[in-house]
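Subject: Structure handover

Hello,

Please look it over before reading on.

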Amino acid sequence: MQSSLISKIEKARIYAEQPERFNVLSLRIEVRGDSSTHTAEFGPDGWTCDCFFFQDAGTCSHTMALERMLDQMLPEAYRPAFSIAT
């Protein structure tokens, strides 16, 4: 393997261990729930989801789960305001 590729692989490993280096700007994710599949999106104005609960509450289990998964990679204003117990 080329030494330059080896150094890139090592750098990628280091970056992956430091999620604070990343800031998600936009994202579209399909979430398979217990009863149906929904599309959640993150963009300049924050989260949206096509589920009925989100339309009323402005949040839902789909977006909360994604907030938890992405945590430090989200802009601070969109990080979870509370912790979901494990």
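Salt bridges

The structure holds two salt bridges, a salt bridge being a side-chain nitrogen of Lys or Arg within 4 Å of a carboxyl oxygen of Asp or Glu. Before the details, a note on the source: this is a predicted model, in which local features need pLDDT of at least 70 and side-chain atom pairs count only at pLDDT 80 or more, while totals for chains, interfaces and linings use all residues. Residues are numbered from 1 along each chain as its sequence is written, and side-chain values use heavy atoms, with hydrogens and water left out.

Side chains of opposite charge can pair when their charged atoms come close. One of the bridges is between Arg13 and Glu10, at 2.5 Å from N to O. Arg13 and Glu10 are three residues apart in helix α1 (residues 3–16), so about one helical turn separates them. Helices (H or I, at least four residues) and strands (E, at least two) are DSSP runs, numbered from the N terminus. Arg13 also forms a salt bridge with Glu17, where the closest N and O atoms are 2.9 Å apart. Through shared partners, Glu10, Arg13 and Glu17 are joined into one network.

As for accessibility, buried means under 20% relative accessible area, exposed over 50%, and partly exposed in between (1.4 Å probe, protein chains only). Arg13 is partly exposed at 39%, as is Glu10 at 35%, whereas Glu17 counts as exposed at 54%.

A charged residue without a bridge

Glu67 lies in helix α3. Glu67 is buried yet has no salt bridge, and the nearest side chain of opposite charge, that of Arg68, is 10.0 Å away. For charge, Lys and Arg count as positive and Asp and Glu as negative; His and the chain ends are not counted. Neighbours within four places in sequence aside, Glu67 is in contact (heavy atoms within 4.5 Å) with Trp47, Leu74, Tyr78 and Pro80.

Core and cysteines

The largest nonpolar core has twelve residues, among them Val24, Phe42, Trp47, Leu66 and Leu74. Such a core is a set of buried Ala, Val, Leu, Ile, Met, Phe, Trp, Tyr and Cys residues joined through side-chain atoms within 4.5 Å. At least two residues of this core come from each of β2 (37–43), β3 (46–49) and α3 (61–70).

Cys49, Cys51 and Cys60 also belong to this core. Residues up to four places away in sequence not counted, Cys60 touches Cys49, Cys51, Phe53 and Phe54. The structure as a whole holds zero disulfides.

Overall form

The protein chain has three helices and three strands, in the order α-β-β-β-α-α from the N terminus. Its radius of gyration is 16 Å, well over the 12 Å that the globule rule gives for 86 residues, so the chain is more spread out than a compact globule. The radius is taken over C-alpha atoms, and the rule is 2.2 Å times the number of residues to the power 0.38. Along its principal axes the C-alpha trace spans about 55 × 30 × 25 Å. Of the 86 residues, 21% count as buried.

Regards

Note on methods
A disulfide is a pair of cysteine sulfur atoms within 2.5 Å.
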